[in-house]
Amino acid sequence: MEMERLYPLPNPNSQPYWDGLRERRLMLQQCGECGTIRHYPRPVCDHCFSMEVEWVEATRRGTVHSWSESHHPFHPSFKADLPTMFVTVDLEEDVRLVGILRDPEVTLRVGLPVEVRFEDAADGAFSIPILVADRSGGS
Amino acid sequence: MANGLFEKGAITGIGETAYTRGSGKSDIALQMEASLKAIADAGLKPTDIDGVIPYAAGAAVAEDFITNFKLPDLRFSATTPLGGASCVAAIQAAMSAVAAGLANHVLIPIGRNGYSGARIGSRVQQMPQFRVVGEYEMPLGTLAPAQLYAHMARRHMEMYGTKSEQFGKIAMTVRNHAAMNDNALRQEAMTLEDHQASRMIADPLRLFDCSLESDGGAAVIVSASERAKDMASKPAYIMGVGEGHPDSPSTITQRDDMTTLGTAKAAPRAFEMAGITHKDIDVAEIYDCFTYIVLCQLEDLGFCAKGEGGDFVASTNFAFDGDLPLNTHGGLLSQAHIVGMNHVVELVKQLRGTAGAAQVKDAEIGLVTGYGDMGDGTVAIMRA
């Protein structure tokens with residue numbers, strides 16, 4: 001069976017996030033009323049229920065929350081990239097992000113500081129977040 | 001209202017097709033075959049069915065049952081779109097319908113070609129329940145349940161010291177039960193070494209931590225209790241039911257505590273409704289799409305505290321003649337992946353005393369769970 005590559009399916013709520021990745025900026029939704037930052041993009045602030053939205057650029061710094069290394073080719077378009085280490089990160093902005101680890105030297109642990117970078121996917125059709133260890137100091 | 005739906009309904013009929021890899025039948029035919037068996041088991045005619053809850057993500061809709069069974073007056077239909085938690089959620093919905101007098105006999109069918117039919121692809125990405133992970137995670141290449149759920153298992157291991165060998169014990173126990181069941185796909189013995197040597201799928205989940213892809217159908221009938229006592233087969237009275245959705249239900253990675261499932265909200269409701277404690281449970285059929293999900297549910301059900309699942313698994317005998325008989329049919333891991341309806345059917349068999357070689361002696365009260373769609377949890381407690 002022919003398997004299509006999976007592309008993001010942006011909508012008006014999420015287009016600025018995907019545009020930001022292309023521009024090498026990690027953009028997050030911020031409530032226009034109470035200032036709470038949320039992710040993934042969605043229409044309503046779950047703190048004050050406002051639908052006013054602003055977009056802010058994140059620091060791209062966070063720590064490892066969990067991870068999983070994929071070995072099985074569930075979809076042919078990702079087979080060449082296996083094994084792939086998917087990491088869930090607690091960003092400084094108190095939301096989570098999933099990225100692919102592109103740092104073969106690093107040994108993962110909960111709390112490990114990481115930095116978000118960017119990579120083009122699917123022949124440049126869109127860009128995705130990738131992760132490397134944050135070696136800038138700190139914890 | 002403390003007792004809610006307590007014993008307002010009972011499961012009066014059960015039916016299963018052969019479980020295979022390559023059924024040669026359509027999804028709808030599998031559902032009709034299982035449904036006709038359940039109807040016959042209940043001593044009913046197809047035209048007695050006046051309620052139906054088709055599988056929300058399946059091929060058949062309520063109208064298919066009206067057409068195939070020439071139902072004169074289907075009075076109640078609903079769907080419960082909770083993935084693998086759907087079947088037990090449907091029991092709760094059926095209980096509500098019979099308790100309110102909306103219907104007398106509600107059919108809950110499921111059936112699909114999970115092995116020979118369509119696999120993951122763009123169709124799955126665009127299903128409403130996967131829309132959020134479909135947009136933000138699947139385009140990175142993390143799209144299958146094993147990949148998405150592995151983050152929960154890894155977090156549990158890192159926070160609580162849970163071990164792959166503890167997952168292995170669950171896989172081995174369930175395999176042993178499958179070996180006692182003629183309608184189970186995997187019957188060869190599994191050792192801990194086999195489990196540890198099975199290939200990595202999505203670390204920490206190995207092949208033998210994953211359920212099977214299989215073809216088949218299963219169905220049950222929920223009837224109003226006052227009708228159940230006069231029907232053809234011994235009813236399994238439903239003492240308690242519960243449905244729970246985790247925080248951040250659509251994405252595991254955004255969940256504050258990714259080691260807690262919706263089961264943690266559902267279970268206290270089900271136990272309170274049933275008016276029993278965990279010590280009263282003679283047999284447990286726990287949704288086992290992955291071994292880790294069983295361990296996590298044992299915590300969220302309250303058999304042990306959060307974080308103690310690893311030690312609880314290591315110290316408990318889950319065999320049919322052990323401390324807490326678990327998945328006595330072989331489960332999704334080794335019997336077949338029939339979206340947990342095979343768990344419901346098995347619990348009813350256990351309470352009737354017709355479960356065959358893995359019959360739990362004097363089983364009077366049992367529990368069945370569903371789990372799915374990134375963390376929804378459902379629980380039903382039944383008695384003979």
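**Strands, helices and contacts**

Author: In strand 8 of chain A, Val116(A) has Leu131(A) as its bridge partner. This is a predicted model, in which local features need pLDDT of at least 70, side-chain atom pairs count only at pLDDT 80 or more, and totals for chains, interfaces and linings use all residues. Residues are numbered from 1 along each chain as its sequence is written, while chains are lettered from A and ligands numbered from 1 in the order in which they are written.

Reader: In which sense do strand 7 and strand 8 of chain A pair, and over how many bridges?

Author: Strands of a sheet pair through backbone hydrogen bonds, either parallel or antiparallel. Two strands count as paired if DSSP finds at least two bridges between them; strands are DSSP runs of E of at least two residues, helices are runs of H or I of at least four, and both are numbered from the N terminus. Strand 7 (residues 113-121) of chain A pairs with strand 8 of chain A in the antiparallel sense, over eight bridges. Their hairpin has four residues between the strands, and Ala122(A) there takes a positive phi near 50°. Strand 8 (residues 126-133) of chain A is also joined by two bridges to strand 6 (residues 96-101) of chain A, and these two run parallel. In that pair, Leu101(A) stands opposite Leu131(A).

Reader: In what order do the nine strands of the open sheet in chain B stand?

Author: The order is 3-2-4-7-1-8-11-10-9, with mixed pairing. Strand 3 (76-77) and strand 9 (283-285) of chain B are at the edges, each with a single partner strand, so one side of each has no neighbour in the sheet. Strand 2 (residues 51-52) of chain B runs parallel to strand 3 of chain B, joined by two bridges, and Gly51(B) stands opposite Phe76(B). Helix 10 (residues 263-274) of chain B lies across strand 8, strand 10 and strand 11 of chain B, at about 150° to strand 8 of chain B.

Reader: At what angle do helix 6 and helix 11 of chain B pack?

Author: Axes are lines fitted to C-alpha atoms, for helices over the stretch in contact, and angles run from 0 to 180 degrees between N-to-C directions. Helix 6 (residues 145-160) and helix 11 (residues 291-300) of chain B pack at about 55°, with their axes 10 Å apart. That makes helix 6 of chain B oblique to helix 11 of chain B; angles under 35 degrees count as roughly parallel, over 145 as roughly antiparallel, 65 to 115 as roughly perpendicular and the rest as oblique. The contact (C-beta atoms, placed from the backbone, within 7 Å) involves Tyr149(B), Met152(B), Ala153(B) and His156(B) of helix 6 of chain B, and Tyr292(B), Ile293(B) and Cys296(B) of helix 11 of chain B.

Reader: How many residues does each chain give to the contact between chain A and chain B?

Author: Chain B gives 31 residues and chain A gives 30 residues. On the side of chain B that touches chain A, helix 6 of chain B gives the most, with six residues. Strand 4 (residues 61-70) of chain A also pairs with strand 5 of chain B in the antiparallel sense, over two bridges. There, Glu69(A) stands opposite Asp203(B).

Reader: Which domains does the assignment give for chain A?

Author: The bounds come from an automatic or database domain assignment, which gives domain 1 (11-57) and domain 2 (59-139). Their C-alpha centres lie 21 Å apart.

How values were computed
Contact = placed C-beta atoms within 7 Å.
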